[in-house]
Amino acid sequence: MFFDLPDFDAHEAVHFVDDRASGLRAIIAMHSTHLGPAAGGCRWWRYADDGAALTDALRLSRGMSYKNAMAGLPMGGGKAVVLRDAAKSDAMLEAFGRAIEGLGGRYVTAEDVGMTDRDMTVIAKATRHVSGLPVSGGAAGGNPGPSTAEGVFVGMRAAIAHKLGRSAFTGVHVAIQGLGSVGGALAAKLAAAGATLTLADIDTDRARDLAAQLGATVVADADIMDVEADVFSPNALGAILTAESVAALRVAVVAGAANNQLATPQDGARLAARGILYAPDYVINAGGIINVAAEYLGSGDAASVATAIAAIEGRLADIFAEAEATGTPTDAVADAMARRLIGRG
Ligand code: NAI
């Protein structure tokens with residue numbers, strides 16, 4: 001039955017980890033190693049049931065194959081989810097590290113939602129196939145959040161240029177959902193660039209504090225997708241673009257870091273039909289993986305990473321242009337490009 005799941009998409013391997021001693025339960029999904037080791041972060045999350053965790057792992061893992069390929073990295077795609085049934089402990093993190101070590105370098109982890117760079121240092125006690133470790137000045141790597149935010153910032157600039165004919169953020173209204181590692185850093189960059197911001201987070205204190213700091217407006221998390229703005233930027237969880245939510249959006253552009261924003265492939269077409277320009281999630285949110293891949297591969301410093309992240313702007317501009325020229329939704333244009341790169345065209 002697993003092989004027929006809609007999101008299975010010929011995953012090369014899926015590992016289920018159950019470490020009784022520490023209480024760790026995790027799924028490590030490896031979609032493709034065509035271009036290199038399956039690289040993708042680890043999410044620590046409370047799922048409704050095991051099936052939801054598996055679906056999330058599979059969708060995120062394929063997204064990493066596409067993301068790494070489109071970012072031009074010599075890495076395949078994978079992802080891990082830890083089922084947060086109990087409080088996080090170092091014993092669980094070390095057990096997770098041992099499970100990764102057992103895969104012999106075919107999967108490389110990093111942070112995702114619910115994981116910190118400190119957690120990576122605990123995982124690193126058991127395996128070297130981990131990135132996103134704390135680094136000191138000038139080196140590539142570290143918490144990928146700020147690099148992801150930088151990529152979203154330049155990618156959003158490509159989107160407002162294409163859709164609104166704007167070359168700068170001055171006076172552009174951006175509604176941001178989720179103000180964590182990525183959304184918080186993105187909000188600060190946009191505020192510094194002169195954007196008008198409306199912010200929401202389920203952590204209302206975080207939203208209020210950041211808004212006070214940046215001179216932004218706050219709305220309840222349930223209302224952020226109804227805000228009339230130039231750009232909606234999802235930086236919390238995935239599957240938020242559905243038939244209903246797309247119909248209700250009052251923006252010209254959707255551009256944010258959240259993985260798997262489209263609930264179904266049809267939702268990309270729905271956005272296109274409404275004339276809303278969608279920046280494909282795995283193209284715009286590649287900044288973090290570009291940074292941690294350079295750290296893991298030892299292939300660059302902070303300056304070369306910055307150059308690679310800056311290239312997200314041009315890559316998205318190309319996707320937007322091809323989508324417009326061919327009348328194809330932007331996500332379909334990007335998927336076709338990515339699948340060609342991983343040998344599944
Ligand atoms: P985070 O855990 O630091 O922040 C997520 C924030 O979203 C938290 O402040 C949380 O309270 C808030 N949130 C959760 N549900 C919400 C809701 N329904 N409405 C409003 N706010 C809500 O996570 P991080 O690292 O900032 O990642 C955000 C998204 O970007 C995730 O989807 C992640 O997979 C994706 N992403 C992150 C990358 C990274 O480098 N950290 C890289 C690529 C993608």
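Modeller: Here's a quick chat through some helices and a few single residues.

Modeller: Ground rules first: this is a predicted model, so local features need pLDDT of at least 70, side-chain atom pairs count only at pLDDT 80 or more, and totals for chains, interfaces and linings use all residues. Residues are numbered from 1 along each chain as its sequence is written, and side-chain values use heavy atoms, with hydrogens and water left out.

Colleague: OK. How do the axes of α1 and α12 cross?

Modeller: At roughly 80 degrees, and the axes of α1 (residues 50-70) and α12 (residues 330-341) come within 9 Å. Axes are lines fitted to C-alpha atoms, for helices over the stretch in contact, with angles from 0 to 180 degrees between N-to-C directions. Helices are DSSP runs (H or I, at least four residues), strands are E runs of at least two, and both are numbered from the N terminus.

Colleague: And what does that make them, parallel or perpendicular?

Modeller: Roughly perpendicular to each other, the label for 65 to 115 degrees.

Colleague: Which residues meet there?

Modeller: From α1, R62, Y66, A69 and M70; from α12, A334, D335, M337, A338, R339 and L341. Contact means heavy atoms within 4.5 Å. By class, that contact has seven nonpolar, no polar and three charged residues. For the classes, Ala, Val, Leu, Ile, Met, Phe, Trp, Tyr, Cys and Pro count as nonpolar, Asp, Glu, Lys and Arg as charged, and the others, Gly among them, as polar.

Colleague: Which α12 residues are buried?

Modeller: T330, D331, V333, A334, M337 and A338. Buried means under 20% relative accessible area, exposed over 50%, and partly exposed in between (1.4 Å probe, protein chains only).

Colleague: What do they pack against?

Modeller: The buried residues of α12 pack against α1, α8 (266-273), β12 (277-278), α9 (281-284) and α11 (302-326). After α12 comes G343, with a positive phi near 75 degrees.

Colleague: Now α11. How far does it reach?

Modeller: 37 Å from first C-alpha to last for 25 residues, close to the 36 Å expected at 1.5 Å a residue. The expected span is 1.5 Å times one less than the number of residues. Buried in α11 are V305, I309, I312, L316, I319, F320 and A323, and what covers them includes α4 (145-164), α10 (287-297) and α12.

Colleague: How many residues of α10 are buried?

Modeller: 10 of the 11, so α10 is largely enclosed by the rest of the structure. N291 and E295 are among the buried ones. The cover over the buried residues of α10 includes β3 (38-39), α1, β6 (107-108), α4 and α11. Just after α10, G298 has a positive phi of about 65 degrees.

Colleague: Switching topic: where is A239?

Modeller: In the loop between β10 (231-234) and α7 (243-248). A239 isn't a glycine, yet its phi is positive, about 55 degrees. It counts as partly exposed at 35% relative accessibility.

Colleague: Last one: what does S181 touch?

Modeller: N143 and G145, not counting residues up to four places away in sequence. S181 sits in α5 (residues 181-192) and is partly exposed, at 43% relative accessible area. Its C-alpha is 9.6 Å from that of D112, 69 residues apart along the chain.

Terms used
Angles under 35 degrees count as roughly parallel, over 145 as roughly antiparallel, 65 to 115 as roughly perpendicular and the rest as oblique.
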